[in-house]
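Subject: Handover of a structure and its findings

Dear colleague,

Please find below the structure that I am handing over to you. My findings follow directly after it.

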Amino acid sequence: MTLASATVGSGRHGPPGKRTGKRTDGRLDRGAGTWFLVLPALIPILVLSVGPLLYGIALAFTDAQSGRTRATQWTGALNFQDLLHDGLFWESFRIGLVWAVGVTVPQFVLALGLALLLNENLRMRWLARALAIIPWAMPEVVVGIMWRLVYNPDAGILNETIRDLGLGDGRDWLTGLATALPAVIVVGVWSGMPQTTVALLAGLQNTPHELHEAAALDGAGAWRRFRTVTWPAIRPVALSITALNFIWNFNSFALVYVLTNGGPGGRTRLPMLFAYEEAFRYGQFGYAAAMGCVMVAVISVILAVYLAGRLRGGDDR
């Protein structure tokens, strides 16, 4: 009886070691299945983002040039040493920061006002929302060509309006040393405002309406309701979209390239334009890659300081 019971028990439950092995195999199978599902999304990221990034970093430590027949040589930190003494690059970096801040700040302020307006219960609100995102749907090249026509010194609508109003004869906005960068910033604000408006409008629509009603019953005016109810609700969205806009604007290329090609006299030569010229006009691929590494590092530090300050103030909710 004892032997039979032991035999039956071993057949029913099996040795303890085998039971543990089956559970481990099941976990391994589930882990392999998870990786199998993730791979279709992971492979494009590795191939199109991580791979080029690592290759660009490696290229920054070489003397790679276009049209050379001999092998590329490893130069260490020589490209970065040259960058430290390259006044033109640091001037373009300063222009890039002015451009990024000059576009991001007005972009956010105007988008916030437009989002608050579109969040109201207005007639034909759906049409106003559709019209507000038209600049977002237009390619940057098309936007640049359109605004070049607007700024045209002879037949542009801006100068024609100035003449009709008797305010003068107008001016050449994109080639003037004093007006080129402000004119380009206006275009950047106009073209980038829709996505900021959409993000803020989504945050406004997720704000409970009951909180506004309760604040109104307590006697809070419009400004106090915005400061105590609306802004705390959309603050995380505002933080995220501002950081993203700063990155996008600093890395701008196509819009400024079509409008001014970095001119006049380098007044609108953003860092991406400078790196592009070094790589594809002068063939200095290694030096241009070093510029890209420096830009990524500096912008990462600036954003880290900005986000740390905002999150320390309670924006992580």
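Asp63 sits in the loop that links helix H2 (16-59) to helix H3 (78-84); helices here are DSSP runs of H or I with at least four residues, numbered from the N terminus. This is a predicted model, in which local features need pLDDT of at least 70 and side-chain atom pairs count only at pLDDT 80 or more, while totals for chains, interfaces and linings use all residues. Residues are numbered from 1 along each chain as its sequence is written, and side-chain values use heavy atoms, with hydrogens and water left out.

Asp63 is buried, since its relative accessible area is 17% (buried means under 20%, exposed over 50% and partly exposed in between, with a 1.4 Å probe and protein chains only). The side chain of Asp63 reaches the backbone nitrogen of Gln73 at 2.7 Å.

Asn249 belongs to helix H11 (residues 222-250). Asn249 is also buried, because its relative accessibility is 9%. Apart from neighbours within four places in sequence, Asn249 is in contact with Trp99, Ala100, Val103, Thr104 and Gln107 (contact means heavy atoms within 4.5 Å).

Asn152 is found in the loop between helix H7 (140-150) and helix H8 (157-164). With a relative accessibility of 27%, Asn152 counts as partly exposed. Its C-alpha atom is separated by 8.3 Å from that of Leu174, 22 residues apart along the chain.

The largest pocket has a volume of about 570 Å³. Of the 24 residues that line the largest pocket, the closest to its centre are Ala288, Ala289, Gly292, Cys293 and Met295. A pocket is an open set of points on a 1 Å grid over the protein atoms alone, where a 1.4 Å probe fits, with protein on both sides within 12 Å along at least five of seven lines; lining residues have an atom within 4 Å of a point. A volume is the space filled by probe spheres set on the points, which are joined across faces, edges and corners.

H14 gives the largest share of the lining of the largest pocket, 10 residues. This lining divides into 20 nonpolar, 4 polar and no charged residues (Ala, Val, Leu, Ile, Met, Phe, Trp, Tyr, Cys and Pro count as nonpolar, Asp, Glu, Lys and Arg as charged, and the others, Gly among them, as polar).

The second largest pocket has a volume of about 390 Å³.

Yours sincerely

How values were computed
Helix = DSSP H or I, 4+ residues; strand = E, 2+ residues; numbered from the N terminus. Polar contact = N/O pair within 3.5 Å; in protein donor to acceptor, adjacent residues only side chain to side chain.
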